[in-house]
Amino acid sequence: MSVLVYVENADGKFKKSIFEVVSYAAAIAEQLKTELIAISIGSVGKDELQNLGKFGASKVLNVSNDQLKSFVNQAYASIIAEAAEKEGSKVIVLSNSFSAKGLAPRVAIKLKAGLADSAIDLPEIENDKFLIKKTAFSGKAFATVELISAIKVITLNPNSYQLKETAAAGKVEDFTPKFKESDFRTMITEIVRASDKIALPDAELVVSAGRGMKGPENWAMIEELASLLGAATACSKPVSDAGWRPHEEHVGQTGIAVSPNLYIAIGISGAIQHLAGVSSSKTIVVINKDPEAPFFKVADYGIVGDAFVVVPQLIESVKAYKSIS
Amino acid sequence: MKILVCVSNVPDTTTKITFNGDNTQFNTAGVQYILNPYDEIALARAIELTEGGKGTVTIIHVGEISSEPTIRKALAIGADDAVRINAAARDAYFVAVQIADYARSNDFEMILTGRESIDYNGSQIASMIAELLDIPSISIIKKLEIEGNKANLVREIEGGKEMINVSFPFVASCAEGVAEPKIPNMRGIMSARTKPLIVVEASSVELLVDFKTYAIPAPRGSVTMLAADETEKLIDLLHSKSKVI
Ligand SMILES: Cc1cc2nc3c(=O)[nH]c(=O)nc-3n(C[C@H](O)[C@H](O)[C@H](O)COP(=O)(O)OP(=O)(O)OC[C@H]3O[C@@H](n4cnc5c(N)ncnc54)[C@H](O)[C@@H]3O)c2cc1C
Ligand SMILES: Nc1ncnc2c1ncn2[C@@H]1O[C@H](COP(=O)(O)O)[C@@H](O)[C@H]1O
């Protein structure tokens, strides 16, 4: 038996969410009194792979092959399923990234496994029962699902589990899978990455703004505040619908659901559809000129005021804070 | 070109989510159901791609008779015909098996789904269908163009995007950017009543996942209000009290 964790890389590096999922999978392996094996696909350097050991992976299977440099969910799923079979893995864990949404369901079908997506906590394992808590109804609720199948697949939401370092050091082993040619029917022709920006889904801090900003020309202060804090930028739906900001910044029930440590909402009213995607943020700050704005009801800190006055002042306060800390 | 669009019937986005006494079931009393917003995007693109006799759009839904208004809405928007697999959608695997079974005996070049359903948000169904049919799938696309016997898609990735080229058949899950949702016009609404809607009995599927209980997030503590000029204090509280910066 074992637990298998898939470690997705971005340009040969692992993001924090990957160390989170390794820590999480290591805790599951401990619950099940078994070992954690990681599998990496693509080209990742030895040093970076060795880092996984620090978070509890006793062995890292390294699949590096030119054909597998870019992500093809069919091929990657075949490889993960093959590794799971070889290692007798009963639980397979992935970080709930965009790619995982194309990958985890395929792995689950291949292994006839039940899949719990968007997990936010460790499983509760009692006798034969294996229960997982996950988000549902676009963040308006949680559901606890039982995985009944012998093999189980879980995707963990980013920023839901604390990093945990252990003393163990993992060994890296090359793994040569026997994938099929027919697994390569999609071709990536180009990848565009905005490298200077923090990706919203795994951001720990988010500065978000709404229609209260009046127009796209006023976003410079939002971006400045975000960059000073090291935060990602987000927006409400009407803002992206109007083309003031790109769609991928839209958070809420019909946008991205985020759960950062800090969510700053500027000029956003706090409609139920917006709150659905952001209410699991650990700390919420609301800046709005309307004291009756519904967002204040779910905020930790609120400032009633004009964004065009408060935000520049806030920027100065952050600068002052940065200069002393 | 034949396109299959998978649609789900979900609680209206303004719904206050509650559960019954022992928290084992979603409380549907008084809840208004709608066509899942992302599925409207998939449907709109399918209609655009087949307009002018270039193909047909079939709607498929796994659900009970109570969801027929949603299917009729999809027909009113412009789909040609619809299939309802008659069973409560127990979980994603159950739904995917039903849709894959239907698709296997009807040659579709493209199967489109929404990025996720706004109730269960699994984002599971598209890739499950594809895996069951052993065809490619692309999750969370923002663009879909046809070029000869291939399609060019743009997929969202963390902090960027990927351009993908794929040949038919394939499955894709659609997000914003793919198309603007369409509003049914009077003619559409009238013709929707007479468009074919066939009902197929569901096949039995092994239970792998069981939804046990639900919970509502704990309410937040009360809000600390600060004056408009207290931004320095805010930063201090975020640092020393909330410990988030
Ligand atoms: C099917 C459906 C799905 C939806 N999904 C989403 C979703 O996923 N995400 C989402 O965000 N919305 C969603 N919505 C839209 C949602 O209902 C609201 O319309 C939207 O969230 C409002 O955006 P807003 O707060 O930016 O704008 P508004 O509601 O217009 O609010 C603007 C706010 O700015 C404040 N303001 C104005 N000027 C200033 C100033 N100078 N300084 C400070 N404050 C100021 C105002 O007091 C007001 O509170 C959805 C709606 C539907 C029907
Ligand atoms: N009961 C259903 N019948 C048909 N299609 C569905 C059903 N439920 C979900 N889907 C499709 O699968 C997509 C993703 O749903 P989910 O995996 O639940 O997030 C939805 O946007 C729909 O296109």
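This is a predicted model: local features need pLDDT of at least 70, side-chain atom pairs count only at pLDDT 80 or more; totals for chains, interfaces and linings use all residues.
Trainee: Which residues come nearest to ligand 2?

Mentor: The shell around ligand 2 counts 20 residues. Among the elements that contribute to this shell, β4(B) gives the largest share, 3 residues. The residues that come nearest are B:C6, B:D39, B:V62, B:S117 and B:S123.

Trainee: Which residue has a backbone N or O atom 2.8 Å from a nitrogen atom of ligand 2?

Mentor: A polar contact requires a pair of N or O atoms within 3.5 Å. A polar backbone atom of B:V7 lies 3.2 Å from a nitrogen atom of the ligand, and a side-chain N or O atom of B:N36 lies 3.1 Å from an oxygen atom of the ligand. The backbone atom at 2.8 Å from a ligand nitrogen belongs to B:V62.

Trainee: What percentage of the accessible area of ligand 2 does the protein cover?

Mentor: On its own, ligand 2 has 480 Å² of accessible area. The share of this area that the protein covers is 96%.

Trainee: Which elements give two or more residues to the shell around ligand 2?

Mentor: The elements in question belong to chain B. One of them, β4(B), supplies 3 residues, the largest share. The elements are β4 (56-63), α3 (92-104) and β6 (110-114).

Trainee: How much space lies in the largest cavity?

Mentor: The structure holds 4 cavities of 30 Å³ or more. The second largest cavity has a volume of about 70 Å³. The space in the largest cavity is about 110 Å³.

Trainee: Which element supplies the largest share of the lining of the largest cavity?

Mentor: The lining consists of 14 residues, and those closest to the cavity centre are A:F71, A:N73, A:T186, B:S137 and B:I164. At least two lining residues come from each of α3 (73-86) and β11 (186-193) of chain A and β7 (137-147) and β9 (160-167) of chain B. The largest share, 3 residues, comes from β7(B).

Trainee: How many charged residues are in the lining of the second largest cavity?

Mentor: The residues that line the second largest cavity include A:H247, A:E248 and A:H250 of chain A as well as B:R115, B:K142, B:E156 and B:E176 of chain B. By class, this lining has 3 nonpolar and 4 polar residues, while the lining of the largest cavity has 6 nonpolar, 6 polar and 2 charged residues. The number of charged residues in the lining of the second largest cavity is 5.

Key
Residues are numbered from 1 along each chain as its sequence is written. Chains are lettered from A and ligands numbered from 1 in the order in which they are written. Side-chain values use heavy atoms; hydrogens and water are left out. A residue is near a molecule or strand if one of its heavy atoms lies within 4 Å of it. A polar contact is a pair of N or O atoms within 3.5 Å; within protein, one must be able to donate a hydrogen and the other to accept it, and residues adjacent in sequence count only if both atoms are side-chain atoms. Accessible areas come from the Shrake-Rupley method with a 1.4 Å probe; for residues, only the protein chains shown count as cover. Helices (H or I, at least four residues) and strands (E, at least two) are DSSP runs, numbered from the N terminus. On a 1 Å grid over the protein atoms alone, a cavity is a set of points where a 1.4 Å probe fits but cannot get out, and a pocket is an open set with protein on both sides within 12 Å along at least five of seven lines; lining residues have an atom within 4 Å of a point. Grid points are joined across faces, edges and corners, and a volume is the space filled by probe spheres set on the points. Ala, Val, Leu, Ile, Met, Phe, Trp, Tyr, Cys and Pro count as nonpolar, Asp, Glu, Lys and Arg as charged, and the others, Gly among them, as polar.
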